[in-house]
Amino acid sequence: MLRFASLGSGSSGNCLVAEASGTVVMLDCGLTLTETERRLARCGLEPSQVSAILVAHEHGDHAGGAFEFAAAHRVTLHLTHGTLAALKAEGKALDGVALGMVNARQSFFVDGIQLLPFTVPHDAREPVQYVLSDGAAKLGVITDAGISTPHVEKMLSGLGALVLECNYDRDLLWNGSYPRWLKERIGGPFGHLDNRESERLLGALDRSRLKHVIGAHLSQQNNRPELARAALARALGCEESWIGLATQDEGFGWRSI
Ligand SMILES: [Zn+2]
Ligand SMILES: [Zn+2]
């Protein structure tokens, strides 16, 4: 059994944990050290239980707390060469942190959990997202992608659970108060997935084994939970209440596949 929970999701910090056969991996670590520790406890986890941190890309809402947590709790940090180079360029202290280099085309194991990275179009140096598997069921996570691609859709087909970015609603973004350059960045092909693109992406997947779909990385300015939920429910032809949503402060509680 693979179970997973989110400690928080959104532009102020992302962190998801997954556990199988006693191994816990953390996907993104964008909260402060104390906040990450506090929220792990909320999920019933000790920091010492975390075996690995995967950082999807260098943006602060994914990587901001990673080095500090990795150093404090002696956890190996897995990231691509491009993400590492970008973090080094920002002057992040790497002392005392064990690194595992990720090849975006090659899967790897952390004990019994298989991690399958895949590339996404996003405005970072070498961003990846992940499918996690315990050998029986698969969880896919995709946030921070400007658009979907055939490669993304191949990787996300046949999953048992999907955490899918619903960053913004187009009308709310374009009619909102963000400066034009920022609207163009978010809405561009290397920005973020909006409700409509995620609805289309979900509709294009093999959904025959899906037990959980959770909308994530919602903008607090440019989206509304009900709009994201409605879009994903349309793609599945299901009740809106069946769709889960990850929030910035609470994330979401344990689910299992
Ligand atoms: Zn992000
Ligand atoms: Zn990002």
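This is a predicted model: local features need pLDDT of at least 70, side-chain atom pairs count only at pLDDT 80 or more; totals for chains, interfaces and linings use all residues.

Q: OK, which residues coordinate the zinc ion (ligand 2)?
A: H57 (NE2), H59 (ND1), H122 (NE2) and D144 (OD) do, at 2.2 to 2.4 Å.

Q: And what's the arrangement of those four donor atoms?
A: Irregular, because the angles they subtend run from 91 to 168°.

Q: Where do H59 and H122 lie?
A: H59 is in the loop between strand 4 and helix 2, and H122 is in the loop between strand 8 and strand 9, so the pair ties together parts 63 residues apart in sequence. H122 is buried, at 4% relative accessible area.

Q: What about the other zinc, ligand 1: which are its protein donors?
A: D61 (OD), H62 (NE2), D144 (OD) and H217 (NE2), lying 2.1 to 2.3 Å from the ion.

Q: How far apart are the two zinc ions, and which residue bridges them?
A: They lie 3.7 Å apart, with D144 as the bridge. H62 sits in helix 2 and H217 in the loop between strand 12 and helix 9, so that pair links parts 155 residues apart in sequence.

Q: H62 and H217, buried or exposed?
A: Both are buried.

Q: Switching topic: which residues of helix 3 are buried?
A: A66, F67, F69 and A70. They cover an arc of only 165° around the axis, which puts them on the same side of helix 3.

Q: What follows helix 3?
A: R74, with a positive phi near 50°.

Key. Residues are numbered from 1 along each chain as its sequence is written. Chains are lettered from A and ligands numbered from 1 in the order in which they are written. Side-chain values use heavy atoms; hydrogens and water are left out. Donors are N, O and S atoms within 2.8 Å of the metal (3.2 Å for Na, K and Ca); water is not among the atoms, so sites may look incomplete. Four donors count as tetrahedral if all angles lie between 85 and 135 degrees; four count as square planar and six as octahedral if opposite donors are over 155 degrees apart and all others between 65 and 115; anything else is irregular. Helices (H or I, at least four residues) and strands (E, at least two) are DSSP runs, numbered from the N terminus. Buried means under 20% relative accessible area, exposed over 50%, partly exposed in between (1.4 Å probe, protein chains only). The arc is that of the directions from the helix axis to the C-beta atoms.
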